[in-house]
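User: I would like to go through this structure with you. Could you begin with the term we need for describing solvent exposure?

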Amino acid sequence: KTFAGTLMYVAPEMLPAICDTSIKYKAPCDMWSVGVIAAEVAGVDIIKILANLKTTSVAARGADVEVIKACNSKNADVGYLVRKLLVKAPKKRLTAAQALKALEFERKRR
């Protein structure tokens, strides 16, 4: 078994899997990656944020907080969704179904 993935997108719970292949991948990992991708689609320069923080992963050194701030300044709906997906605790991270419902609710609220 080997670790596969792009470090920039890796969920925080999977960072130790780089060295320990006994750590199991679970669905919330995908939702973290969706949050990073949503930020990129919104036009957030994630590479620049990571370079400024001298890190290679959104999951490290508070990069998630900076990405969320940048999203909020670009688009409120995307910022809301990214804030709900880039949650360090996997059990608190939205599922795909919850993310769709949350985004729909947030749009109706405005």
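Analyst: A residue is buried under 20% relative accessible area, exposed over 50%, and partly exposed in between. Please keep in mind that the model is predicted.

User: How far is Asn75 from Gly43?

Analyst: Their C-alpha atoms are separated by 9.4 Å, while the two residues are 32 residues apart along the chain.

User: What about confidence? Which helix has the lowest mean pLDDT, and which the highest?

Analyst: Helix α5, residues 96-109, has the lowest mean among the elements, at 80. The highest, 92, belongs to helix α1, residues 28-41. The average over the protein chain is 86, and 91% of the residues score at least 70.

User: Now the packing. How do α3 and α4 cross?

Analyst: The axes of α3 and α4 come within 6 Å and cross at roughly 160°. The two helices are therefore roughly antiparallel to each other, as angles over 145 degrees are counted that way.

User: Which residues make that contact?

Analyst: From α3, the contact uses Val67, Ile68, Cys71 and Asn72. From α4, the partners are Ala76, Val78, Gly79, Tyr80, Val82 and Arg83.

User: And α1 against α4: what are the angle and the axis separation?

Analyst: Helix α1 packs against α4 (residues 76-85) at about 150°, with the axes 8 Å apart. These helices are therefore roughly antiparallel to each other as well. The crossing of α1 and α4 is left-handed. Met31, Trp32, Val34, Gly35, Ala38 and Ala39 in α1 meet Val78, Val82 and Leu85 in α4.

User: Where does α2 stand relative to α3?

Analyst: Their axes come within 10 Å and cross at roughly 140°. That angle makes α2 oblique to α3. The crossing is right-handed. On the α2 side, Ile46, Ile49, Leu50 and Leu53 take part, and they meet Ala63, Glu66, Val67 and Ala70 of α3.

User: What is in the loop between those two?

Analyst: Lys54 lies in the loop between α2 and α3. Lys54 is exposed, with a relative accessible area of 68%. The phi angle of Lys54 is near 55°, a positive value in a residue other than glycine.

User: What does Leu86 touch, leaving out residues up to four places away in sequence?

Analyst: With that exclusion, Leu86 touches Trp32, Gly35, Val36, Val58, Asp64, Val67 and Ile68.

User: Asp64 is in that list. Is Asp64 buried or exposed?

Analyst: Asp64 counts as buried, at 7% relative accessibility; the class requires a value under 20%. Asp64 is located in helix α3. Not counting residues up to four places away in sequence, Asp64 touches Trp32, Val58, Leu86 and Lys88.

Conventions: Residues numbered from 1 in each chain as written. Predicted model: local features only at pLDDT ≥ 70, side-chain atom pairs only at ≥ 80, totals over all residues. Heavy atoms only, no water. pLDDT = per-residue confidence, 0-100. Helix = DSSP H or I, 4+ residues; strand = E, 2+ residues; numbered from the N terminus. Contact = heavy atoms within 4.5 Å. Axes fitted to C-alpha atoms, helices over the stretch in contact; angles between N-to-C directions. Parallel < 35°, antiparallel > 145°, perpendicular 65-115°, else oblique. Left-handed = near helix turned anticlockwise from the far one by under 90°. Buried < 20%, exposed > 50% of the residue type's maximum accessible area, 1.4 Å probe, protein only.
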